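The following exercises concern a single protein chain. Work through each task before consulting its solution.

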Amino acid sequence: MRLTDIVIKNEIKLINIKPKSKVKAGKYTYIPYKLEIKCSYDKFSKFISDLEKNGRLINIDGFRYAFLGKSDSSLFIGSLTLVVMNLN
């Protein structure tokens with residue numbers, strides 16, 4: 001499942017997604033992203049759970065979570081990396 005599919009499935013507002021340069025290391029390709037979303041804490045925890053269950057290895061290098069009032073929050077993931085194994 002693609003990252004954007006997981007965002008949509010969890011009804012999360014995607015504010016910004018910015019891919020960074022791919023890095024190849026042996027049989028793996030690291031594809032980092034900067035991601036900003038807006039959601040409740042409950043939706044955020046479900047989102048993280050769904051990332052863990054995804055078929056790709058995903059590493060979250062760090063995040064900043066800000067409470068904006070009522071049930072809205074903003075999340076900035078500094079680097080979310082999808083790791084893809086190269087079969088070549």
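**Exercise 1.** Identify the buried residues of α2 and determine where they lie around the axis.

*Solution.* Step 1: the buried residues (under 20% relative accessible area with a 1.4 Å probe, protein chains only; exposed is over 50%, partly exposed in between) of α2 are Phe-44, Phe-47, Asp-50 and Leu-51. Step 2: these residues cover an arc of only 125° around the axis, so they lie on the same side of α2; the arc is that of the directions from the helix axis to the C-beta atoms. Step 3: the face turned away from the buried side carries the exposed residues Tyr-41, Asp-42, Glu-52 and Lys-53.

The model is predicted: local features need pLDDT of at least 70 and side-chain atom pairs pLDDT 80 or more, whereas totals for chains, interfaces and linings use all residues. Residues are numbered from 1 along each chain as its sequence is written, and side-chain values use heavy atoms, without hydrogens and water.

**Exercise 2.** Which residues make up the largest nonpolar core?

*Solution.* Step 1: a nonpolar core is a set of buried Ala, Val, Leu, Ile, Met, Phe, Trp, Tyr and Cys residues joined through side-chain atoms within 4.5 Å. Step 2: the largest one has 11 residues, namely Leu-3, Ile-6, Val-7, Ile-12, Leu-35, Ile-37, Cys-39, Phe-44, Phe-47, Leu-51 and Ile-58. Step 3: at least two residues of this core come from each of α1 (3-9), β3 and α2.

Methods: Helix = DSSP H or I, 4+ residues; strand = E, 2+ residues; numbered from the N terminus.
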